[in-house]
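Welcome, and please take a look at the protein and its ligand shown here. The report below walks through the model one topic at a time.

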Amino acid sequence: MRGNQTGDWLERDLKHHLHPFSDGRELRELGMRVITRADGVYLTDSENNRILDGMAGLWCVNIGYGRDEIAEAAARQLQELPYYNTFFRTTTPPVIDLATRLSEITPEPINHFFFTNSGSEANDTIIKLVRYYWNLRGKRSKKIIVARDYAYHGVTMASASLSGLTDMHPQSDLPLPGIATHIEGPYWFRHGGDLTPEEYGIKAARALEEKILELGADNVGAFIGEPVYGAGGVMVPPSTYWPEINRICRQYDVLLIADEVVCGFGRTGNWFGSQTYGIEPDLMAFAKGLSSGYAPIAGVGVSDEIAGLLLDEGGEWVHGFTYSGHPLTCAIALKNLEIITREDLVGRVRDDIGPYFQGRMGELRDHPLVGEVRGVGLLAAVELVADKASRRAFPEEAGVARRAREYAFANGLVMRAVRDCNMFSPPLTISREQVDDLVGIVSRCYDRVLAKLESDAPGHDSAALP
Ligand code: PXG
């Protein structure tokens, strides 16, 4: 049995398991890897291959894999109190401790926390909170949330409606009406034209002001954005962007929502992306790095002003999940935050490994396929182009970034691909040597993509190539 265990797993997976964000036919034809173990920044598959995880799972395993302390904290909590809820005038020590700790690290005036199981549920909750807040303030028409193209805010009916990655919509007749409208996001490389990044940052932010004026401020409840885009392509905002967004939100009495699901918990070199970019959020969504993926826990941070109104005048808040503030996931999150703090992983990203990673990634700019390398902290994207000078994109069917990703995977590195971008988000514990390995594999993969493009080019005698 052992010898053919991989085959057995694959057969039963295909028979019974539906995969997220996967094409069934592709899974059958190309197969998949069975990941069985992980330690530090490395995954191990069922054939004993070691793979450098350049994505920290799905942007989440900030402290790296294989932390016994987390397993011990989880075991202790399961023995002491495996479950109790926080409905109906009850609470538990782990949820109290976690909310308290979060209030110390989130930007002011975010001091109140509600817990969910996923980032999608966090953003769903935020949509409900925005409506609840404006209803209480007697401004019942302030409902629409302005979101941005390329945004990823989740996959539930409502959070997918906020998302601006439009291929998420048609299969389920989304977006739902009345939830969101989308504006251009700060994607300087593709939309900046001849403007400097700073000029373009102002222009992209003013798209919010134009939208508010078009809809009427009385109809706009909030604006939502990821401090730095994640899944949409790691577009780093020009320095002028968020200060202008702050101003516009204040001027028109529009709530500002920071989706910190990817940027939170050290990824950008501060606890939150809001601190890196001077964002002044009224509400924030967080997930992923809160538990470093060791448990499904996410949540919403709420400002003193909004929480004060709800608590004093809101009556019963008719909302909550069975597992909101689950003692096990809260205990795991607390231990994770303790590790991030004790090892100063946030400072490490800001002052040491982050700048090193950005410097080494930046060397890829010399590659003939690379149009731009962008990033902050331990978040980066490489944008591939057919022509460097004109930034001409490849035709969609070329799938260059996907091809590079497949080469990388076969050569021991996980990275992500969207459009012509490859994306990177390694554990915050990655060493300099591991960064060197990562950059080396990426560079060799781009060489191979380039060779393949040249051999596929019309008129080229592809038989001459190996
Ligand atoms: N907001 C942001 C910014 C995210 O990146 C969510 C909300 C939703 O979180 P949940 O926990 O519901 O998944 C996300 C999730 C990818 C990928 O392929 C990205 C995410 C999830 C799954 C895959 O890059 N981001």
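What follows covers confidence in the model, the shell around the ligand, and the contacts made there.

## Confidence in the model

Please keep in mind that this is a predicted model. The protein has a mean pLDDT of 96, with 98% of its residues at 70 or more. Residues 462-466 are a stretch to treat with care: here the pLDDT is below 50, and beyond near neighbours in sequence the stretch has four contacts in the model.

## Where the ligand sits

Domain 1 (33-63 + 346-456) and domain 2 (68-342) both give residues to the shell, so the ligand lies between them.

In total, 16 residues surround the ligand, and the closest are Trp59, Gly119, Ser120, Asp259 and Arg416. By type, the shell holds six nonpolar, six polar and four charged residues.

Let's turn to individual atoms. Tryptophan 59 places a polar side-chain atom 2.9 Å from an oxygen atom of the ligand.

On the nitrogen side, an N or O atom in the side chain of aspartate 259 is 2.8 Å from a nitrogen atom of the ligand. Lysine 288 also has a side-chain N or O atom 3.2 Å from a nitrogen atom of the ligand.

## Cover and contributing elements

On its own, the ligand has 530 Å² of accessible area, and the protein covers 85% of it. The elements that give two or more residues to the shell are α3 (56-59) and α6 (119-136). Of the elements, α6 gives the most, with three residues.

Terms used. Residues are numbered from 1 along each chain as its sequence is written. This is a predicted model: local features need pLDDT of at least 70, side-chain atom pairs count only at pLDDT 80 or more; totals for chains, interfaces and linings use all residues. Side-chain values use heavy atoms; hydrogens and water are left out. A residue is near a molecule or strand if one of its heavy atoms lies within 4 Å of it. A polar contact is a pair of N or O atoms within 3.5 Å; within protein, one must be able to donate a hydrogen and the other to accept it, and residues adjacent in sequence count only if both atoms are side-chain atoms. Accessible areas come from the Shrake-Rupley method with a 1.4 Å probe; for residues, only the protein chains shown count as cover. Helices (H or I, at least four residues) and strands (E, at least two) are DSSP runs, numbered from the N terminus. Ala, Val, Leu, Ile, Met, Phe, Trp, Tyr, Cys and Pro count as nonpolar, Asp, Glu, Lys and Arg as charged, and the others, Gly among them, as polar. Domain bounds come from an automatic or database domain assignment. pLDDT is the predictor's confidence in each residue, from 0 to 100. Contact means heavy atoms within 4.5 Å.
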